[in-house]
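Reader: Hi! I'm new to reading protein structures. Could you walk me through this one?
Author: Happy to, let's open it up.

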Amino acid sequence: MNRIAIVGGCGHVGIPLGLALASKGFQTTLIDMNSSAVECILGGKLPFQEEGAEQILAETLGKTLHVTTDASAAKECDALIFVIGTPVDEHLNPCVNAVMHTISDYIPHMSDGQLIILRSTLYPGTFRIIENMLLNAGKHPRLAFCPERIQQGKGIQEIFALPQIISGATPEALEAARELFSRLTDTLIEATPEEAELAKLMTNSWRYLEFAIANQFYIMAQSSGIDFHRLYDIMTTDYPRARHFAKPGLAAGPCLLKDTLQLASFYNNNFFLGHSAMLVNEGLPNFLVEELEKKLGSLNGKKIAIFGMTFKVDSDDIRDSLSFKIKKKLEQKLAVVLPVDPYLKGMVSIDDALATADGIILGAPHTAFKDIRPMVPFIDCWRLWK
Ligand SMILES: NC(=O)c1ccc[n+]([C@@H]2O[C@H](COP(=O)([O-])OP(=O)(O)OC[C@H]3O[C@@H](n4cnc5c(N)ncnc54)[C@H](O)[C@@H]3O)[C@@H](O)[C@H]2O)c1
């Protein structure tokens, strides 16, 4: 197995995977409909921040790494990997059709025996739908589902370190997936496709629930005038069973909420904990704004800086960032919002914000903010500014 194509190859999962494969000597082609991302990579740059990726890109581009918008590049490759987005729609239901349409577009380029790997997070049952779609089209590839579990921005490092879940429609498909991923990581975990679908969704939902517990307790304590961060220390110091107690913070991004909602949809919307977690995590921005309002009185006309607009620390990714929910809420209260983020263009500088803001909400605890000591009322659910 040597030639690999990745559909959705210029996305957040596609790039680290493609670079990892290219770095191991596979002839790897990233296929993506996003022509500006393709141009960017062809120009030797990454469309977003990814630790350790630039060096591999420089070493592999044009040698083992190729990038194109042309779907026909999928033809005659030994393995075709799909990593397109699998969001929920405006009714918060899984968009299974998007994956089906993309795969259907690629059917003419598929051949019997070819390894097809689904790597997007799949709504339970999608694997079998795709298996049947391919059979209906008279195609007999070796179909596998190997969900990605890397952390945004740390993909390169994690691809080589994390255990890889592998599953296949047939023993031959499973064996082919094993052959490919054993070149990337030492530990492979076998599952059925149905187990792999649920395992991925439950992993993300569990993480989302962990944050919700911390956030609910934070809101509960702060509302009753008790400093949650002191409570956190009291509860967790030298107490082994609280070792993994998550800390409060804005729980956002393109995966955790949507995967919790996919699981809820799978379980006929009876995933009470999942929906409760959504209420808590999505409610935190409003709570933070109200807390600042209590400190400042009316927010009307006040300059309020949001430090950190990305969805997580030290990242340039704004997808589904709750800082934008805070911004909206502040604007509804007629505040003048000063967005600050060293990872994004067009933002207010840290110094200007500190010099002019009447109040501050910490949206993402970037390292660049660590040594700041705000002189105006502020809200820091992350505990960066102790
Ligand atoms: N971002 C993460 O850290 C992460 C981690 C684990 C799993 N996942 C899962 O991986 C999947 C992909 O997520 P992502 O964050 O990489 O999404 P993304 O939006 O960053 O990337 C998807 C890419 O697919 C491309 N694309 C969409 N339709 C296409 C088509 N028909 N042909 C060619 N290219 C097409 C888009 O242009 C985009 O570049 C999702 O299922 C997600 O849940 C993401």
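**Around the ligand**

Author: Let's start with the ligand: 23 residues surround it, and the closest are His-12, Val-13, Asp-32, Thr-86 and Lys-258. Keep in mind that this is a predicted model.

Reader: How do the residues of the shell divide into nonpolar, polar and charged?
Author: The shell around the ligand has 8 nonpolar, 10 polar and 5 charged residues.

Reader: Which side chain has an N or O atom 2.5 Å from an oxygen atom of the ligand?
Author: That's Thr-86, whose side chain places an N or O atom 2.5 Å from a ligand oxygen. Thr-102 also takes part through its side chain, with an N or O atom 3.5 Å from a nitrogen atom of the ligand. With Met-33 it's the backbone: an N or O atom there lies 3.3 Å from a ligand nitrogen.

Reader: And how much of the ligand's accessible area does the protein cover?
Author: On its own the ligand has 830 Å² of accessible area, and the protein covers 84% of that.

Reader: OK, zooming out. How many helices and strands are there?
Author: The protein has 13 helices and 12 strands. Its C-alpha atoms fill a box of roughly 70 × 45 × 40 Å along the principal axes.

Reader: What radius of gyration does the protein have, and what would a compact globule have?
Author: The protein has 23 Å, which agrees with the value near 21 Å that a compact globule of 386 residues would have.

Reader: What share of the residues is buried?
Author: Buried residues make up 51% of the 386. As for the surface, the protein exposes about 17,800 Å², and carbon and sulfur atoms supply 54% of that.

Reader: Can we look at one helix? Why is α10 said to be largely enclosed?
Author: Because 10 of its 11 residues are buried, α10 is largely enclosed by the rest of the structure. Among the buried ones are Leu-257, Lys-258, Asp-259 and Leu-261.

Reader: Tell me about Asp-259. Why is it called buried?
Author: Its relative accessible area is 0%, and buried means under 20%. Asp-259 sits in helix α10, which spans residues 256–266.

Reader: Which side chain does Asp-259 make a polar contact with?
Author: With the side chain of Asn-204, at 2.6 Å. Leaving aside neighbours within four places in sequence, Asp-259 is also in contact with others, including Thr-121, Lys-200 and Ser-205.

Reader: And Glu-210, buried or exposed?
Author: Glu-210 is buried, at 16% relative accessible area. This residue lies in helix α8, and beyond its sequence neighbours up to four places away it touches His-244 and Ala-246.

Reader: Last one: where is Lys-24?
Author: Lys-24 is in the loop between α1 and β2, and at 39% relative accessibility Lys-24 counts as partly exposed. Not counting residues up to four places away in sequence, Lys-24 touches Phe-160, Arg-183 and Leu-184. The C-alpha atoms of Lys-24 and Leu-330 are separated by 49 Å, and the two residues are 306 apart along the chain.

Methods. Residues numbered from 1 in each chain as written. Predicted model: local features only at pLDDT ≥ 70, side-chain atom pairs only at ≥ 80, totals over all residues. Heavy atoms only, no water. Near = heavy atom within 4 Å. Polar contact = N/O pair within 3.5 Å; in protein donor to acceptor, adjacent residues only side chain to side chain. Areas by Shrake-Rupley, 256 points an atom, 1.4 Å probe, with all protein chains shown as cover. Nonpolar A, V, L, I, M, F, W, Y, C, P; charged D, E, K, R; others polar. Helix = DSSP H or I, 4+ residues; strand = E, 2+ residues; numbered from the N terminus. Rg over C-alpha atoms; globule rule 2.2 N^0.38 Å. Buried < 20%, exposed > 50% of the residue type's maximum accessible area, 1.4 Å probe, protein only. Contact = heavy atoms within 4.5 Å.
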